[in-house]
Amino acid sequence: LASPSALGRPGLGEQTRLPATFALRQNRPNPFLGRTAIHFDLPVETPVRLEVFDAQGRLLRTLASGQFPGGFHSVDWDHRDGNGHPVGAGVYLYGIQAGAFRDQKKMVLLAR
């Protein structure tokens with residue numbers, strides 16, 4: 001489960017630029033084999049919940065939950081469910097709730 005402290009922070013002397021709007025980006029790579037990165041943008045600090053669902057809409061895993069600072073964020077998914085078991089090839093959904101912002105996208109896990 002990712003927390004804001006696990007995500008990159010700007011170093012000394014670096015400028016912090018904030019996104020203009022909330023956004024959930026397409027995972028990369030997509031399709032993927034073992035691991036994929038899900039990026040999201042927050043213009044302000046807000047509570048975030050990022051979840052992965054199977055094609056039937058059942059929750060598989062919560063990837064991030066908590067208060068996140070404004071900025072550009074990324075969380076990896078290693079194709080495992082909440083119990084640590086790998087899931088099979090197929091289409092999966094991921095969704096974000098960030099304050100009043102909601103969005104959902106599809107990703108494809110390939111067979112090995």
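Residues are classed as buried under 20% relative accessible area, exposed over 50%, and partly exposed in between (1.4 Å probe, protein chains only). By this criterion, buried residues make up 40% of the 112 residues in the chain. The model is predicted, so that local features need pLDDT of at least 70 and side-chain atom pairs count only at pLDDT 80 or more, whereas totals for chains, interfaces and linings use all residues. Residues are numbered from 1 along each chain as its sequence is written, and side-chain values use heavy atoms, with hydrogens and water left out.

The chain contains zero helices and seven strands, where helices (H or I, at least four residues) and strands (E, at least two) are DSSP runs numbered from the N terminus. The order of elements from the N terminus is accordingly β-β-β-β-β-β-β. Contacts are defined by heavy atoms within 4.5 Å; of those with a separation of 6 or more, 57% involve residues 24 or more positions apart.

Strands are taken to pair if DSSP finds at least two bridges between them. An open sheet of three strands has the order 1-2-5 with antiparallel pairing. Its edge strands, strand 1 (23-24) and strand 5, each pair on one side only. Two bridges connect strand 1 to strand 2 in the antiparallel sense, and A23 stands opposite D41 of strand 2. Seven bridges connect strand 2 to strand 5, again antiparallel, with H39 opposite S74 of strand 5.

Strand 2 is largely enclosed by the rest of the structure, because six of its seven residues are buried. T36 is found in this strand and counts as buried, at 1% relative accessibility. Leaving aside neighbours within four places in sequence, T36 is in contact with N27, R28, P29, V75, D76, W77 and M107. The C-alpha atoms of T36 and L109 are separated by 9.1 Å, although the two residues lie 73 residues apart along the chain.

The bridge partner of I96 in strand 7 is D103. Apart from residues up to four places away in sequence, I96 touches L24, F40, V48, R49, L50, F101, R102 and D103.

A nonpolar core is a set of buried Ala, Val, Leu, Ile, Met, Phe, Trp, Tyr and Cys residues joined through side-chain atoms within 4.5 Å. The largest such core has 22 residues, and those with the most contacts inside it are F40, L50, V52, W77, Y92, I96 and M107. At least two residues of this core are supplied by each of strand 2 (36-42), strand 3 (46-53), strand 4 (59-68), strand 5 (71-77), strand 6 and strand 7.

Patches are made of residues with over 30% relative accessible area and no salt bridge, like charges being joined within 9 Å and nonpolar side chains (Val, Leu, Ile, Met, Phe, Trp, Tyr) within 5 Å. A salt bridge is a side-chain nitrogen of Lys or Arg within 4 Å of a carboxyl oxygen of Asp or Glu. L33, V91, V108 and L110 form a nonpolar surface patch with about 290 Å² of accessible area together. L110 is placed in the segment after strand 7 and counts as partly exposed, at 38% relative accessibility.

Conventions
Accessible areas come from the Shrake-Rupley method with a 1.4 Å probe; for residues, only the protein chains shown count as cover.
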